[in-house]
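Reader: I have a model open and want to go through it piece by piece. Can you take my questions as they come?
Author: Go ahead.

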Amino acid sequence: MIKETLEKIKSEAQARIKDSANLEDLNDVRVKFLGKKGELTAVLKGMKDVAAEERPKVGAVVNEAREEIEEALNNARLALEKSVMENKLKNEKIDVTLPAKKPILGHRHPNQIALEEIERIFIGLGYEVVEGPEVERDYYNFEALNIPADHPAKDEQDTFYITDDILLRTQTSGTQVHEMEKGRLPIRMISPGRVFRSDEVDATHSPSFHQVEGLLIDKEVSFSDLKGTLAEFAKELFGADTKVKFRPHHFPFTEPSAEMDVSCFKCGGKGCRFCKGEGWIEILGCGMVHPHVLEMSKIDPLQYKGFAFGVGLERIALLKYEIDDMRLLYENDERFLKQF
Amino acid sequence: MNTSLEWIKAYVPDLECTDQEYMDAMTLSGTKVEGYNKLDKNLDKIVVGQIKEITKHPDADKLVVCQVDIGDQVIQIVTGAPNVEVGQKVPVVLAGGKVAGGHDGGPLPEDGIEIKDGKLRGVESHGMMCSVEELGSSREVFPEAPENGIYIFPEDTKVGADAIEVFGFHDTVFEYEITSNRVDCYSVLGIAREAAATFNKKFVAPEVKETGAGESEKTSDVISIEIKDKDLCSRYVGRVVKDIKIGESPDWMKKRLRSAGIRPINNMVDITNYVMLEYGQPMHAFDLSTIAGNKIIVRRAKDGDVFTTLDGQERKLDSEVLMICDGEKEIGIAGIMGGENSKITDNVTEMLFEAATFNGTNIRKSAKRIGLRTDASGIFEKGLDPHNALDAMNRACALVEELGCGRVLNGAVDVHDELPEKKRIKFEPERINEYLGTDISADQMLEYFSRLEVEYDKNSGDLVIPTFRQDLIGFADSSEEVARFYGYDKIPTTLPSSSAEGGKLSFKMRVEAVAREIAEFAGFSQAMTYSFESPKVFDKLLLDENAPERAAIKISNPLGEDFSIMRTLPLNGMLTSLATNYNRRNKEVRLYELATIYIPESLPLKELPDERVQLTLGFYGKGDFFSLKGCVEVFISKIGMKGRLEYEAGDRPYLHPGRQAEIICNGEKLGYMGEVHPLVCKNYDMEGTRVYIAVIDMPKVVEKTTFNRKFEGIAKFPAVSRDISMVVPKEISAGQIDAVILQRGGKLLEDFKLFDLYEGEQIKEGFKSVAYTVSFRDKTKTLSDDDVNAVMKKILNGLKDLGIELRS
């Protein structure tokens, strides 16, 4: 008798659950069958009429029915919730091709980007980055670099003078001397900075530009190490396929001296408009530190040797970013800066 | 330095290479070739023709029809050239041939100009007669060529001959970049020596015949020479030539002079120029008849002397200028230019040749002071080898005899002290290999040296250096010579084996890197501006006459007033850059610069100035004082500076008087910020826009920066916050309220913030409504109301003391 009642309740509940269109309907079903005044509760309340020994059995059957209904309710609820969520998301669809809202970021100067690249490479090779004064004594800019008082190179460099003894440095090489004078050996340093020469402003000249000086002093150093170091540098800076060529040159503070060309990174060395058909682009000057320069800085040239190099930062920036007019670097037009 | 390959080959007869091979090999051995000009590049089918007949063109007044004999046939050519006459021998380009350029002498087209058969106004023409311009040259080196006309060959030129050959254009002119240490290479012989060594061929010096030996008349009978200022003249060689016959130089000499860009003038002048090019020894020729007292004296000028040089210009002299004088007067500025009073004219019959060695530095400085830099002074200033002077003199005299243009007297007058000896450098092959990172045998090294005329003294183990190689002095120089001829490209490529401490940036650079990052995150782009500027900047910035910023370092030789002082403030560069953007209609521009300023301790400068990097932020467009203040504070907090920033109203003339602040940390000024004064904006052509700038003195910031961070734990107990709503007299600043809260809040105070500010109708005259939220926290316990009330009472009392009314 009870069994039949239960079957009836179950099938009726299933049918009502199936018909529920939303969570409210489903709740009504729950109240109707499982609530305090619900049909299943009513059955339990009728237990008092059942024989005492039958009660556990009947109780179990009722509970079974209750569990069945609860499970069905649960499944139906999950299914309904899922469809509600799906509908909601569907309505929230956006046009992902509408414009982005960008944070406004500033841009770094191409000189700075080039400098940071160079610094990264040499820091990786164990070089310390140091700085020296831009307003400098004649001694550090010239004499200590083997350019004595009447040396024609002093004229060649078109120096800006403040007094007879104080000038605007024409090269970052003076920092070499400051470092050597500190007497801490070995040395591996690069020194970036602003230098000045009295060139009129045009597309390829500026009275103020930047150099990065490099110096390595140690007991066992050779010209081949200079070649290797700078070849590594060129590859890091311009790409792994970059080839380098060293040509003899003259600088008063190095001997032997060289200029380094890199294979044109635009045409790979075949020759193009960019490299003026030569396939090579001149990049820097370098050489073995002149023993006389070491001596003047109280370093024994029989014990220590070294190499030095100097790179024009603007030259690298102009080449690497294909900027065709140096004046752009100092105008600070936002439309220019934005491109970096 | 330009030199023809034909001339080089005269002294390196076995040299065989293409132009490109020559350029590459010379460059790699250290004589850098900048480029070359193959003279016959675009010249083809050009012969010597002779005009046989000229008739009028039937239909054109300005054209004539010529019958021209080109050796194997006579061809008809129509020309508009004004200077043609029957019998003339002229260069003729045949149909199908090429010339280098147009008759106007304009820039040469890359591929030349092809000449075709054609008709001119209906009359057939089978070629073209050429001017020197059409052949790619100019009247500069062919002074005899007519202006705007066909070139006329000398009468003895062979009809039908290759005209390019006659002109000497089967040649290539190379342009070298000679480094300042290689004085010897400012000469054909020097470059020929390098070429011989580079290609490992024999160098054959020009044969110089002895001259004047048979003459009974000696130079020393005619002239005496005295050097008074030996410090400026180490050698003076004089030699006299008589019975001079001025005339044209032979073709071979003219060709070589032209290849170096020198215009042939007459045999005597040409010889001095030729020897200067060949030996790198400038020479001078005086008309002997003008020299008083049979005497040459080399001495310094007197201050204030005025001297007329052979170009007719008056030159002011001083006591450091070396002069060549005769028994009475000055007759030339040593090493720079001769005098008008002794110059060679076409009527000269007797002449004194001079080949001397002057102090290079003195010549360089004198030329600069006088304002007269000549080919000769340009060479002298490099400092010449005194040995070269006599060699050059003998060469010149041999040429005089060879050209038959004079009678060279017996012997020279050669005045000098002891001449420099050959230097010696210890030959250290192992050390050289160590230095270069190579493994070259000692024999191989010696072979390189022998090519350079450097001898090896087996007994002493020394390398003996020829005197013309003044640049070879020590060990490093010897290693460079080995490296050059072994080949820089063959030296191995290695990395230094030695160890060093790890690479790093300095602390200062790290702080600057943070400054760049923050500025860029805040939308500022990096600017770079010049360190020098005009003193007018101070007026543009409205600085007072006595403002300390006006004490700027002056450059003694600036590029002009605009670049004449070192900046003492970073504003001009920033404002100029902003103005550039503003006037190019770029909207809302934000720039920053890490700009160095140069602060002199005293003027004139005795000690090096203080170079201080200033983080300079500047913008126009969206934003205001407080958004800029936000950038400053984010930067300061990001670099972990200790201490709280305070702001005081400032009185800088270039800023808006009511909208500027000094930025202060722990009582020390870090910088300033504010809106730029509208008059300053106007001075920078930015009238009508508001411009804001902030300047932070980086050295002060770096001192106070730390990258050390310590975790302080996350608070376990809740914070309690209270709002304070007040009516504040207008003249009380937020900073004053902040100070009270800070001072009275004690250690329970965690944070506080102004969240409302109102001035207007509902507030009584002279007051403003201000609201703060203040939060408290105790790290050790939950705060009770009583705890908070006690602190709040202190704060509120403090605020009342300022005349502030509290609202409920």
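Reader: Start with Ile75(B): buried, exposed or partly exposed?
Author: Ile75(B) is partly exposed, with 18 other C-beta atoms within 10 Å. The cut-offs are 20 or more other C-beta atoms within 10 Å of its own for buried, 12 or fewer for exposed, and partly exposed in between, with C-beta atoms placed from the backbone.

Reader: What kind of model and numbering is this?
Author: This is a predicted model, where local features need pLDDT of at least 70 and side-chain atom pairs count only at pLDDT 80 or more, while totals for chains, interfaces and linings use all residues. Residues are numbered from 1 along each chain as its sequence is written, and chains are lettered from A and ligands numbered from 1 in the order in which they are written.

Reader: Where does Ile75(B) lie, and what does Ile75(B) touch?
Author: Ile75(B) belongs to strand 5 of chain B, residues 74-79. Strands (E, at least two residues) and helices (H or I, at least four) are DSSP runs, numbered from the N terminus. Leaving out residues up to four places away in sequence, Ile75(B) touches Val68(B), Ile70(B), His126(B) and Gly127(B). Two residues are in contact if their C-beta atoms, placed from the backbone, lie within 7 Å.

Reader: Next, Asp326(B). Buried or exposed?
Author: Asp326(B) is buried, with 23 other C-beta atoms within 10 Å. Asp326(B) is in the loop between strand 18 (322-325) and strand 19 (330-333) of chain B.

Reader: Which residues does Asp326(B) touch?
Author: Not counting residues up to four places away in sequence, the contacts of Asp326(B) are Ile291(B), Ala292(B), Gly293(B), Lys295(B), Ile296(B) and Ile331(B). Ile473(B) is 38 Å from Asp326(B), C-alpha to C-alpha, and the two are 147 residues apart in sequence.

Reader: Zooming out, how many helices and strands does chain B have?
Author: Chain B has 21 helices and 39 strands. Its radius of gyration is 41 Å, well over the 28 Å that the globule rule gives for 808 residues, so chain B is more spread out than a compact globule. That radius is taken over C-alpha atoms, and the rule is 2.2 Å times the number of residues to the power 0.38.

Reader: What box do the C-alpha atoms fill?
Author: Roughly 125 × 85 × 60 Å along the principal axes, for chain B. Of the 808 residues in chain B, 41% count as buried.

Reader: How many bridges join strand 1 to strand 11 of chain B?
Author: Three, and the two strands run antiparallel. Asn2(B) has Glu175(B), in strand 11 of chain B, as its bridge partner.

Reader: Over to chain A. How covered is strand 5 of chain A?
Author: Mostly covered: ten of the eleven residues in strand 5 (208-218) of chain A are buried. Ten bridges join strand 5 to strand 4 (187-196) of chain A, and eight join strand 5 to strand 9 (305-312) of chain A. Both pairings are antiparallel.

Reader: Which residues stand opposite each other there?
Author: Among them, Met189(A) pairs with Leu215(A) in strand 5 of chain A, and Glu213(A) is opposite Gly310(A) in strand 9 of chain A.

Reader: Last one: how many residues does each chain bring to the contact?
Author: Chain B brings 78 residues and chain A brings 73. On the chain B side, helix 13 of chain B supplies the largest share, seven residues. The residues on that side divide into 34 nonpolar, 29 polar and 15 charged. Here Ala, Val, Leu, Ile, Met, Phe, Trp, Tyr, Cys and Pro count as nonpolar, Asp, Glu, Lys and Arg as charged, and the others, Gly among them, as polar.

Notes
Two strands pair if DSSP finds at least two bridges between them.
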